[in-house]
Amino acid sequence: MLFSFTATSDFDFMTYFARHIQATVENGVLVIPDHLGQGYIRKLAFGQDFKITIHRYILKEDLILKRNTSGLGNDLITVFFYNNEQALEIAYNDENQVLFSQRDESAIQVTSNDLSSTIRFPAHQHIHYVVVAIMPSRLSELLAVSEPNSVLQTITGSGNSFLYFESMAAEAKLLLKNMAAVDMNDSLSHFYMQIKVQELLYLVFHKLSMRVSATHQTINSADAERLLFIRNEIISDLSVPPVIRELAQVAAMSETKLKQLFKQTFGATIYNYYQQARMQEAAFLLKQGRYSVGEVGYELGFSNLSHFSRVFEKHYGLNPKRYSYS
């Protein structure tokens with residue numbers, strides 16, 4: 001099932017999606033019809049400039065959401081929280097989607113609404129995600145930062161195109177779980193949800209506020225698609241360090257542009273991102289209990305296990321053997 005839309009600031013996703021699937025919206029809730037699956041979409045508004053949509057469902061066929069560029073620049077900020085057991089497939093143009101996540105199934109995306117994107121949610125799998133839509137002026141008012149870094153300036157500024165990714169920490173996952181369990185018949189549920197949404201935004205923008213200030217590099221949908229492809233290339237074989245020259249050729253970018261846009265989008269240099277993904281994979285494998293420390297180290301390209309232990313301990317505060325038993 002394909003649903004294509006344009007994300008203008010006055011666009012009401014749930015209303016138009018309900019029409020698309022011939023369903024009705026009652027009290028801010030769209031119940032998925034039985035012939036399509038089960039679950040719901042819920043919308044809450046905290047004013048015309050601050051809204052949240054909660055998606056929780058299982059569908060009988062793939063769902064493809066295609067967001068078209070509004071052509072209006074940054075008049076709306078979208079914060080997308082994805083927390084699923086399955087890997088997310090996302091693209092920023094009409095090419096094939098790439099997996100966003102492998103071992104870590106969660107992602108947070110902050111984007112201006114002038115970037116087009118396509119997200120595919122697979123059939124017969126639990127879909128849990130939340131979208132916060134907020135206007136720059138409202139976000140700036142909420143953040144109330146007297147000296148914002150370059151990232152926050154870009155997001156709350158006028159006419160900027162941007163895309164930022166952050167990992168989702170356990171605290172954010174717990175918040176999302178608690179929000180999904182709220183009894184919306186409670187008279188104070190709307191008040192509670194507004195507080196929790198602001199907590200979510202705090203967690204995201206606190207991370208973004210910690211990034212090193214740098215001159216913002218303009219990004220478009222084609223650039224965003226290439227960056228996700230490069231990210232996928234980096235994590236597809238974690239036993240081999242990335243070669244910037246080769247990645248730049250694949251991305252059809254200069255090495256300088258690739259390095260700048262990658263760090264701007266993902267908050268780390270290409271090599272540091274690779275090393276972080278490498279250690280996350282090591283932690284995942286160690287926790288499975290099926291592999292020895294040596295097997296994990298060699299699988300991830302370490303010929304010197306002492307070096308592997310030092311790098312791992314730097315990331316997790318424990319050496320691999322102790323971590324596997326923790």
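A nonpolar core is a set of buried Ala, Val, Leu, Ile, Met, Phe, Trp, Tyr and Cys residues joined through side-chain atoms within 4.5 Å, where buried means under 20% relative accessible area with a 1.4 Å probe and protein chains only. The model is predicted, so to speak with care: local features need pLDDT of at least 70 and side-chain atom pairs 80 or more, while totals for chains, interfaces and linings use all residues. Residues count from 1 along each chain as its sequence is written, and side-chain values use heavy atoms, without hydrogens or water.

**Exercise 1.** Find which residues touch the most other members of the largest nonpolar core.

*Solution.*
- Start with the 36 residues of this core: I234, L258, F262 and F312 touch the most other members.
- Next, look at the elements (DSSP runs; helices are H or I of at least four residues, strands E of at least two). Those giving two or more residues include α6 (221-236), α8 (255-266) and α11 (305-316).
- α9 gives the most, 9 residues.
- Now zoom in on F312: beyond neighbours within four places in sequence, its contacts (heavy atoms within 4.5 Å) include M279, A282, A283 and L286.

**Exercise 2.** Work out which element gives the largest share of the lining of the largest cavity.

*Solution.*
- On a 1 Å grid over the protein atoms alone, a cavity is a set of points where a 1.4 Å probe fits but cannot get out; lining residues have an atom within 4 Å of a point.
- The lining has 28 residues, with F5, F13, T78, V131 and A133 nearest the centre.
- β5 supplies the largest share, 5 residues.

Technical notes. On a 1 Å grid over the protein atoms alone, a cavity is a set of points where a 1.4 Å probe fits but cannot get out, and a pocket is an open set with protein on both sides within 12 Å along at least five of seven lines; lining residues have an atom within 4 Å of a point. Buried means under 20% relative accessible area, exposed over 50%, partly exposed in between (1.4 Å probe, protein chains only).
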